[in-house]
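Please open the model in your viewer and keep the selection panel at hand. The tour begins with the whole chain and then moves to single elements and residues.

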Amino acid sequence: QVQLVESGGGLVQAGGSLTLSCAASINIFSINAMGWYRQAPGKQREVVAIIRRIGTTTYADSVKGRFTISRDSAKNAVYLQMNSLKPEDTAVYYCHANVAYDYWGQGTQVTVSS
C-alpha cells in the first residue's frame, strides 16, 4: 500500500500564507498523479491542485494565482504553497495519489480567520 502523510495545516489570518506537505511512502515518479483536495463543512470534496508524473499541473479556478503545487523527488514529497489565503479556503486538506488505486492521506485542517 501507499501511505500519505500530510502536515502543515493550522490557523492563519486572511491574506497570510501556509505550506502543506505530503510525504509519500514510495517514489513519487511511480505515481500517475498526486494532488490536493479539500472539504469544508457542508460542502463536497473538491480538487485544489494536481501535479502529474510528467510535471503538468492543474488548479481549481478558485485558487489559481494563489496556490502552487510542487514536488521534491529526493524527499518523495509534494507541497502546496498557499498564498493570499481567504476564509473560504478553510477546509480539511487531503493529499491524494493515484497508482493502480486511489490513496488518501488523513487530512490536515486549514483554518483562515477573517
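A residue is called buried here when its relative accessible area is under 20%, exposed when it is over 50%, and partly exposed in between, with a 1.4 Å probe and protein chains only. By that rule, 40% of the 114 residues of the chain count as buried. This is a predicted model, in which local features need pLDDT of at least 70 and side-chain atom pairs count only at pLDDT 80 or more, while totals for chains, interfaces and linings use all residues. Residues are numbered from 1 along each chain as its sequence is written, and side-chain values use heavy atoms, with hydrogens and water left out.

The C-alpha trace spans about 40 × 25 × 20 Å along its principal axes.

Next, select strand β3, residues 18-24, and show its side chains. In a regular strand the side chains alternate between the two faces of the sheet.

Strand β1 (residues 4-7) runs antiparallel to β3 and is joined to it by 4 bridges, with Ser7 opposite Ser21. Strand β8 (residues 77-82) also pairs with β3 in the antiparallel sense, over 6 bridges, and there Leu18 stands opposite Met82.

Move on to Thr108, which is in strand β11 (residues 108-113). Thr108 counts as buried because its relative accessibility is 11%. Contact means heavy atoms within 4.5 Å, and, not counting residues up to four places away in sequence, Thr108 touches Glu6, Ser7, Gly8, Gly9, Leu20, Ala91, Val92 and Tyr93. The side chain of Thr108 also reaches the backbone nitrogen of Gly9 at 3.1 Å.

Finally, select Val63, in the loop between β6 (57-59) and β7 (67-72). Is Val63 buried or exposed? Val63 counts as buried, because its relative accessibility is 0%. Leaving aside neighbours within four places in sequence, Val63 is in contact with Arg38 and Val48. To finish, draw a distance from the C-alpha atom of Val63 to that of Ser17, 46 residues apart along the chain, and the separation is 13 Å.

Methods
Helices (H or I, at least four residues) and strands (E, at least two) are DSSP runs, numbered from the N terminus. A polar contact is a pair of N or O atoms within 3.5 Å; within protein, one must be able to donate a hydrogen and the other to accept it, and residues adjacent in sequence count only if both atoms are side-chain atoms. Two strands pair if DSSP finds at least two bridges between them.
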